[in-house]
Amino acid sequence: MSTATLTDLALIQLQSIGISLGGNPILQDLTWTVGDGKRIGLIGPNGAGKTTLLRIIGQQLEPDKGEISRTGTVGYLTQDVQDVTSGHSIIEETLRAFEAIEAMQTREVELTRALEDPDTNHAKILQELEVIHERLAIHGAHSAQSRAESVLEGLGFATRELNRPVETLSGGFRMRVALAQILLQKPDVLLLDEPTNHLDIVSIDWLEKYLKTYSGTVILVSHDRYFLNRMIDTVAHLYHGRIAEYAGDYDFFLIEREKRRVLEQAAYENQQRDIQQDQRFIDRFRYKASKARQVQSRIKHLEKLERLPPPESPDAQIRIRFPSPSPSGRRILSLSPFSKIYPSQNGPAVKVFDQATPLEITRGQKIALIGKNGAGKSTLSRILYGSESIQGDLQIGHNVSIRFFAQHQADTLTASDTVLESLQREAVGREEVYLRTLLGAFLFTGDDVFKPVHVLSGGEKSRLALARTLVNPANFLILDEPTNHLDIQSIGVLIEALRQYDGTFVIVSHDRHFIDHVANVIWHIGDQSVRTYEGTYSDYQWALDHGSLQRVSQTRKSPQKAAPKSHSRSGGPKTKEQKRREAEARNRAYQEARTNGHLHHEQLTDHQLQWLCEEAESAISEAEARKKVLEEILSDPQTYSDPVQSEEATIRYAAIEKELADLYQKWEQLAESIQ
């Protein structure tokens, strides 16, 4: 596949690299060394040159000046997948990653046949065969097919789909095939440009686990803050054509960058003050003979002085407060048990939902839809909006007004409008200053607001469509992948706006950081149904990690309406160290609660306490069932005809009674903590 390239590179040394595109300088005198085994997040504002730098490292673009030292291999996954006309199936295209193995296998056959010729140099042939066999063993030639299938399934392909032609796939799934090829090649340096853009949460989790065991160096560009924090140990900050490294994850980078910026600002101001003093002295005494030597000394000093560049400006603290919508009734909508089936002309009908559990949305709920790609998240969002027909009944509540942002809503924009005019159509009577501030939050600055829509890129159109949706919010919003094409700063603006929003919303997103900061209910879509989990995404993940999800009721409400204690957002973003300490404390409290019954309930969220309580109830029910069986055995006179059997039953009965006493004590403590 054209987007998955493997070049003979390895550890990278860039020296004084410079490049301009369209007359605009992108990188200037950039020097950077990529170390072995690093996990590097390449960070920078839109237009800083992150993709350009990856293309240079991946040998897809030659710099205007500078030197690059490379050894080993590099795999490069680009953001955009070009059209594929190979005629291959998914599995065939993926197996092209092993073309080097196929070449060795072909040579192996040729050499084996050559051995049949008595006139050949058998010793030389056997020596080459030995080398080929060693290389085939290293590359795992015998397991290529199974490894390819395993990687494809991890990235979301069902086994039955692997013979499907690549040409029939969407751009997102073609990108997954390209990613599978690169992962199977196991290059020394792996370059990933926005790898999570077309992955669902399940596939992102799989990719994280895969990369954690990856032995090579990884350089990734991503707007997914959660993914960055879990994957990287170094931040390479690209700004004004140069790179500054920070040893830590993204949260650490934010703190250290501000500390460094303050120091750089002070040093720059001090130097500028000294330069101005010297220049004033020169200007004042330039023509005074008695000061000539001092003047010349200061002129030479300024000529030789290595001037500090202006420090990076602090990120603009953009704050958008959307107007409060008119209040709705308590019930936003209700959906009876429902089914959704798409007819098919060439095969069986596609059943997305099959008598799915009834759903209800109440005022103030912030719901996130998660699940695999193709599970029905976007379909459900359209069902809730009322634009998708179903077998079932949808009832909208009193005074509910709905706005819907679809993934492809950008296609409906008027091409002849400017960016500002397009927004004004949705915000009649609003001041231009407010509208331009809102557009600035979504990366339209300066004269960008006067660009006609028809010249915008796909990402720019998507951002404009989102701004149009949010400028006059209704009291019920449905947002399908609103963070696509937004950078980390813009996602932060959207998070803040949605946290302040007074209405109700449903979002579809694969950005876990975004979900965790805006949602208080999780709907998991899968198996043609919907399962409801009260709490944040962290609560959901906690329950998943501790095996508690199966015990969560489909319609259970939290026993308290207060926000989970450990997930309060009112104090601003927490540091990485705070989050780590809180997570460790919760895990310790959880383990003690499960094993000893000693609860540190102030360290657990309400949802976690509820899950532990339900776990205790389940254990009590199971123990009482075992006790009932033993009671029947002990009430049977035949039991006592065998002394050994009766003694064993009596001992087991006593043990179960003690077990039940301990379980009831745990349950009472948990119930008291919840209340």
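**Helix contacts, burial and salt bridges**

Student: Which residues of α17 meet α19?
Tutor: On the α17 side they are Asp539, Tyr540, Trp542 and Ala543, and these meet His607, Gln608, Trp611 and Leu612 in α19; contact here means heavy atoms within 4.5 Å. The residues of this contact divide into five nonpolar, two polar and one charged. In that count Ala, Val, Leu, Ile, Met, Phe, Trp, Tyr, Cys and Pro are nonpolar, Asp, Glu, Lys and Arg are charged, and the others, Gly among them, are polar.

Student: What kind of model is this, and how are its residues numbered?
Tutor: The model is predicted, with local features needing pLDDT of at least 70 and side-chain atom pairs pLDDT 80 or more, while totals for chains, interfaces and linings use all residues. Residues are numbered from 1 along each chain as its sequence is written, and side-chain values use heavy atoms, leaving out hydrogens and water.

Student: What makes α17 and α19 roughly parallel?
Tutor: Helix α17 (residues 537-545) and helix α19 (residues 606-634) pack at about 25 degrees, with axes 10 Å apart. Angles under 35 degrees count as roughly parallel, over 145 as roughly antiparallel, 65 to 115 as roughly perpendicular and the rest as oblique. The pair is therefore roughly parallel. The angle runs from 0 to 180 degrees between N-to-C directions, with axes fitted to C-alpha atoms over the stretch in contact.

Student: How many helices and strands does the protein have?
Tutor: The protein has 20 helices and 21 strands. Both are DSSP runs numbered from the N terminus, helices being H or I with at least four residues and strands E with at least two.

Student: Why is helix α11 described as largely enclosed?
Tutor: Seven of the nine residues of α11 (residues 377-385) are buried, so the rest of the structure largely encloses the helix. Buried means under 20% relative accessible area, exposed over 50%, and partly exposed in between (1.4 Å probe, protein chains only). The buried residues are Lys377, Ser378, Thr379, Leu380, Ser381, Ile383 and Leu384. Just after α11, Gly386 takes a positive phi of about 95 degrees. Across the protein, 47% of the 675 residues count as buried.

Student: What makes Arg107 and Glu128 a salt bridge?
Tutor: Their side chains meet at 2.9 Å, N to O, and the cut-off is a side-chain nitrogen of Lys or Arg within 4 Å of a carboxyl oxygen of Asp or Glu. Arg107 lies in helix α3 (residues 99-114) and Glu128 in helix α4 (residues 122-138), so the pair ties together parts 21 residues apart in sequence. Arg107, at 33% relative accessibility, counts as partly exposed, as does Glu128 at 29%.

Student: How far apart are the closest N and O atoms of Asp354 and Lys351?
Tutor: They are 3.9 Å apart, and the pair forms a salt bridge. Asp354 has 37% relative accessibility and counts as partly exposed; Lys351 is partly exposed with a relative accessible area of 37%. In total the structure holds 24 salt bridges.

Student: Are Glu208 and Arg512 buried or exposed?
Tutor: Both Glu208 and Arg512 are buried. They form a salt bridge, with the closest N and O atoms 2.5 Å apart. Glu208 lies in helix α7 (residues 201-212) and Arg512 in helix α16 (residues 512-518), so this pair ties together parts 304 residues apart in sequence. Asp205 and Arg230 are linked with Glu208 and Arg512 in a network of salt bridges.

Student: Which value of phi sets Lys186 apart as a residue other than glycine?
Tutor: Phi of Lys186 is near 50 degrees, a positive value. Most residues other than glycine have a negative phi. Lys186 lies in the loop between α6 (171-185) and β7 (189-193), and at 52% relative accessibility it counts as exposed.

Student: Where is Gln528?
Tutor: Gln528 is in the loop between β20 (521-526) and β21 (529-534). Gln528 also has a positive phi, about 60 degrees, although it is not a glycine. With a relative accessible area of 31%, Gln528 is partly exposed.
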